[in-house]
Amino acid sequence: MTSTSRPVVAVNLFSMLPGVDPAAFERFSTEVDRPTCLAHRDVVRRFEAFRVNEAPDGSPADILEVLEVTDWAAWEQLRDTHPTMKPVTDGFDELVDPATVRTYFTHLIPGELR
């Protein structure tokens with residue numbers, strides 16, 4: 001369960017719907033998803049997306065996203081109600097297999113980078 005009063009880093013893993021080329025998601029992420037989300041800097045602090053080349057354990061995943069938000073409840077409110085987010089949610093629904101979406105709520109382990 002996520003706290004709604006502190007920053008949250010969510011790591012999302014998911015696959016495309018059958019027949020959808022992951023390159024289509026790359027374009028969507030670059031042109032729509034990340035720019036739209038990052039325009040809301042009051043809620044979205046960081047958003048990176050990665051194409052999965054290989055999963056050594058064989059787990060299905062085409063895309064890995066790292067999303068840092070100031071507050072999870074604020075993110076859900078933004079995602080679900082702000083008019084600028086409709087192209088993001090529509091594009092996600094058109095490309096991503098919802099049965100494959102896995103979200104891990106994390107936090108940074110403090111320490112010096114080496």
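Phe25 and Phe28 are both buried, where buried means under 20% relative accessible area, exposed over 50% and partly exposed in between, with a 1.4 Å probe and protein chains only. This is a predicted model, in which local features need pLDDT of at least 70, side-chain atom pairs count only at pLDDT 80 or more, and totals for chains, interfaces and linings use all residues. Residues are numbered from 1 along each chain as its sequence is written, and side-chain values use heavy atoms, with hydrogens and water left out.

Both Phe25 and Phe28 sit in helix α1, three residues apart, or about one turn of the helix. Helices (H or I, at least four residues) and strands (E, at least two) are DSSP runs, numbered from the N terminus. Rings of Phe, Tyr and Trp (its six-membered ring) pair if their centres lie within 6.5 Å; planes under 30 degrees apart count as stacked, over 60 as edge-to-face and the rest as tilted. Here are two such pairs:

| Pair | Centre to centre | Angle between planes | Type |
|---|---|---|---|
| Phe25 and Phe28 | 5.4 Å | 65 degrees | edge-to-face |
| Phe25 and Phe92 | 6.3 Å | 75 degrees | edge-to-face |

The pair of Phe25 and Phe92 ties together distant parts of the chain: Phe25 belongs to helix α1 and Phe92 to helix α3 (residues 86–95), 67 residues apart. Phe25 has 1% relative accessibility, so it counts as buried. Phe92 has 23%, so it counts as partly exposed. Together with Phe14, the residues Phe25, Phe28 and Phe92 make up one aromatic cluster. The structure holds five aromatic pairs.
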